[in-house]
Amino acid sequence: MKWKDGSEEYLNEYEYFKPERRKYPRLTQFSVARQEAYEALDPLLTENPDFMRDAAEIIFR
Amino acid sequence: MNENNEQFNRVNQGAQQSDSPPNTTENGTPPPVGEANTPPGGQNPGYRPPNGPGYYGPYPPYRAPQPPKFRIVADKKDLLFAPAALLLCAFGVFAGLWGTFQAGFAAAFLLMFLGMSGYLIKKGNAPGFYATVCGLLSLALSGVFVITSSIPIRFFSAIAMTCTSIVWFSSLAGKRLPAGELGMIGYVAAPLGNAIEEMPQSVKAVFSARSGGKRSMPKALLGVLCAVPVLCAVIPLLMRADVAFDGMVSSVFKSFGSVALQLLLSLVLTPFVLAFAFSLRKKPAPPKAEAKQRKGLDTAFTASFMGILSLCYLVYLFSQLFYFVSAFAGFLPTGYHFSFAEYARRGFFELCMIAGINLLVLYFMILFARKNEGRIPGVLRALGVFIALFTLFLIATALAKNIMYIENFGMTILRVGSSAFLCALAIVFFAASLRCFFRKVRILPVAVVTVSAVLCVLGWMNLNAVCAKYNYDAYRSGKLKTLDLEYMYNLGEEGVPYLAGTRKRRQKKTTPRSSCISRFRSSMTGRTCRSQ
C-alpha cells in the first residue's frame with residue numbers, strides 16, 4: 001500500500017487514524033495531546049481522506 | 001648478587017599473595033615503630049617471616065587492615081523481586097522505550113516505582129518530609145508523559161524524575177541526605193554508581209541463593225527451558241483453535257526482530273535494576289569521613305571579586321534611572337524613541353544569562369569562602385545578599401519584558417519556558433540569600449525540588465497547547481495581527497486542533513473549496529509562513 005503521491009511514510013501510523021482504533025488507543029502511544037489532535041482532525045479526514053498523509057505526517061513526524 | 005635478588009622477588013611475590021599483611025602481629029595490629037624492618041633473628045620477638053625461613057630482604061610496608069569487601073547474599077525477598085524486576089523491565093522496554101515515551105512510559109515508571117518501593121520499604125523507617133515531596137514530584141512528573149508531546153519538557157522531566165525518585169528510594173532504604181553543600185550530588189549519584197559496580201555480583205547472588213539448602217533459581221530456569229518444546233506443540237494448536245489468539249501470536253511473529261530486541265534489552269536492563277535495588281537495600285552507607293577543615297579562599301580576595309561585580313551592577317542600576325527621570329536621558333543614543341516593543345525585545349536572554357552567572361558566583365562564594373566557625377564573614381554576606389537582590393531585580397525586569405514581548409508578538413515555548421526557568425531561579429536565589437545567614441538551608445535540594453515543580457507545571461498545563469491556544473485566540477480577537485502557521489505546525493500535535501480551526505474559519509469565508517483544501521494542506525505541512 002502506498003499514498004497517492006507514491007510515498008510510504010507513516011503508513012503504519014495511519015492505522016491509528018481509523019475511527020475504531022481511536023476509540024481504543026494503544027497505551028504505549030497515547031497522549032492527551034495526540035488524542036485531541038485526532039479528534040480535531042476527525043471531521044476533516046472524514047470529509048477529505050486525501051488529508052490522511054499530511055495529517056499522519058504532522059502527528060507522527 | 002643476582003641470586004639474592006631473585007630470592008627477594010620470589011619472597012615478595014609470596015608475601016603479596018598471602019591473605020593477611022605479613023607484618024601484622026597476631027591481633028592484626030601493626031608492629032611497633034622501628035621494628036618493621038627488623039631482620040630475622042634480630043630484636044623483635046613478635047616478628048613472623050612472610051614466607052618461611054630464609055627471608056633476608058627488606059620488610060614490606062605496613063598496610064592498614066581493609067574493611068571486609070561488600071558481598072551480596074540474596075534472601076527470599078530478593079528472590080521474589082528478581083523475576084518481578086525482569087517483568088517490570090520488559091514492560092518498561094515494551095511500553096516505554098518502544099512507545100515513544102508516552103503514556104506507556106508513565107505506566108512503566110508507575111509500576112517500577114511501586115515495585116521498588118514495596119521492595120525497599122522497611123518497618124519503622126519512615127521517609128522524611130523532603131523525600132516524600134520528591135517521591136510525589138516524581139509521580140507527578142511521570143504524568144507529564146501522558147499529557148504532552150513536547151520533547152524538551154519530556155526530556156528534562158525524565159532527568160528530574162530520575163533524581164527525585166532516587167531520593168525517595170534512598171530514603172526508603174534508610175539512607176539519609178548527607179550534610180554539606182554538595183552532599184546532594186553524591187546522594188543521587190552513588191546509587192547509580194553502585195548499581196553499575198554491583199551488577200555482576202547481584203546476578204551471581206540471585207543464581208547462587210539457596211532456599212531450603214538448595215539453589216532454586218537455576219532449577220527454575222531449567223523448568224522454563226524444558227517448557228519451551230511443549231509450548232512449541234501447544235501454541236500452534238491453540239492458534240488453530242481460536243482466531244483471536246491466532247491473530248495475536250501472528251502479530252508477534254510478524255515483528256519478531258523487534259520483539260527479540262525488546263527481550264534482549266530487558267535482559268540487559270534487569271541486572272542494573274537488581275543491582276540498584278540490592279545495593280540500596282543491603283550496602284551500608286560509607287562511614288562518615290571526618291569533614292576536612294578547608295582553609296577556603298581568603299576573605300579579601302573573595303570580597304574584592306564580589307565587590308567589583310557589585311559595583312558594576314550598581315552602575316547598571318544607575319543607568320536605569322533614565323526610564324524614570326528625564327534628566328538622565330543624555331545616556332541614550334541620539335534619535336532614540338522609546339517603544340515598548342523595542343524595550344521588550346532587547347536583552348531578555350542576556351538578563352537570563354547574567355542571572356545564571358550570578359547564581360554560580362553566589363554558590364561558589366558559599367562553597368569556598370573562608371568561614372569563621374562555619375559562618376560566612378559579614379562583608380561577604382552583605383555582598384552576597386546585594387547580588388541576590390540585584391538578580392531578583394533583573395529577573396523581575398526580564399519577566400516584565402517577556403510579558404510585553406508576548407503581548408506584542410505572541411507566545412512561544414522558548415519565551416514561556418525561559419520565564420518559568422527564571423521563576424525557579426528566583427526561588428533558588430532566595431534560598432541562596434537565606435543560606436548566607438542560616439547554615440541549615442541547602443541550595444541544591446531546593447533547586448532540585450523547584451525545577452521539578454516547574455517542569456511539572458509546564459508539563460501538566462501542556463505548554464505547547466497553551467502557546468497554540470493563546471496565539472490562536474489572540475489572532476481571532478485581533479490582538480495579534482498575524483498568525484504564524486509554521487510555528488503552529490512546529491508545535492506538533494498540540495498545534496493540530498488550532499490549525500484545523502484556522503482552516504474551518506477560512507472555509508466559512510466564501511473561499512472556493514479547492515483553494516481552501518490546498519491552503520489547508522499547505523498550512524498543515526508548513527509550506528506557508530503566515531496567514532492572510
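Predicted model: local features only at pLDDT ≥ 70, side-chain atom pairs only at ≥ 80, totals over all residues.

Author: Asn462(B) counts as buried, because 22 C-beta neighbours lie inside 10 Å and the cut-off for a buried residue is 20 or more. Asn462(B) is not a glycine, yet its phi is positive, at about 60°. The residue sits in the loop that joins helix 16 (443-460) to helix 17 (463-477) of chain B.

Among the contacts of chain B with a separation of 6 or more, 74% join residues 24 or more positions apart. Chain A, by contrast, comes to 4 helices and 0 strands, arranged along the sequence as α-α-α-α. Chain A has 61 residues, of which 28% count as buried.

The domain assignment divides chain B into domain 1 (1-66), domain 2 (76-282), domain 3 (299-461) and domain 4 (465-524). Between domain 2 and domain 3 of chain B, the C-alpha centres are 41 Å apart. The contact draws 19 residues from domain 2 of chain B and 16 residues from domain 3 of chain B. On the domain 2 side, the elements that contribute two or more residues are helix 4 (129-147) and helix 5 (151-172) of chain B. Helix 4 of chain B gives the most to that side, with 9 residues. By class, the side of domain 2 that touches domain 3 has 14 nonpolar, 4 polar and 1 charged residues.

Helix 5 of chain B also contains Ala158(B). With 18 other C-beta atoms within 10 Å, Ala158(B) is partly exposed. Ala158(B) and Phe145(B) are 13 residues apart in sequence, and their C-alpha atoms are 9.1 Å apart in space.

Gly296(B) is found in the loop between helix 10 (256-282) and helix 11 (299-319) of chain B. Its 14 C-beta neighbours inside 10 Å make Gly296(B) partly exposed. Gly296(B) and Ala369(B) are 73 residues apart along the chain, but their C-alpha atoms are separated by 5.2 Å. Leaving aside residues up to four places away in sequence, Gly296(B) touches Phe368(B), Ala369(B), Arg370(B) and Lys371(B).

The packing of helix 13 of chain B may be taken next. The axes of helix 13 (residues 348-368) and helix 15 (residues 413-435) of chain B come within 11 Å and cross at roughly 25°. That angle falls under the limit of 35 degrees, so helix 13 of chain B is roughly parallel to helix 15 of chain B. Helix 13 of chain B passes helix 15 of chain B in a left-handed crossing. Helix 13 of chain B contributes Cys352(B), Ala355(B), Leu359(B), Leu362(B), Tyr363(B) and Ile366(B) to this contact. The partners on helix 15 of chain B are Ser418(B), Leu422(B), Leu425(B), Val428(B), Phe429(B), Ala432(B) and Arg435(B). The residues of the contact between helix 13 and helix 15 of chain B divide into 11 nonpolar, 1 polar and 1 charged.

Helix 13 of chain B also packs with helix 14 (residues 378-409) of chain B, where the axes come within 9 Å and cross at roughly 160°. Since angles over 145 degrees count as roughly antiparallel, helix 13 and helix 14 of chain B are roughly antiparallel to each other. The crossing of helix 13 and helix 14 of chain B is left-handed. From helix 13 of chain B, the residues in this contact include Phe348(B), Leu351(B), Ile354(B), Asn358(B), Val361(B) and Met365(B). Among the residues that they meet in helix 14 of chain B are Leu380(B), Gly384(B), Ile387(B), Thr391(B), Leu394(B), Ala398(B), Lys401(B) and Tyr405(B). By class, the contact of helix 13 with helix 14 of chain B comprises 15 nonpolar, 5 polar and 1 charged residues. Cys352(B), Ala355(B) and Leu362(B) take part in the contact with helix 15 of chain B and also in the contact with helix 14 of chain B.

How values were computed: Residues numbered from 1 in each chain as written. Chains lettered and ligands numbered in written order. Buried ≥ 20, exposed ≤ 12 C-beta atoms within 10 Å, placed from the backbone. Domains from an automatic or database assignment. Contact = placed C-beta atoms within 7 Å. Nonpolar A, V, L, I, M, F, W, Y, C, P; charged D, E, K, R; others polar. Axes fitted to C-alpha atoms, helices over the stretch in contact; angles between N-to-C directions. Parallel < 35°, antiparallel > 145°, perpendicular 65-115°, else oblique. Left-handed = near helix turned anticlockwise from the far one by under 90°.
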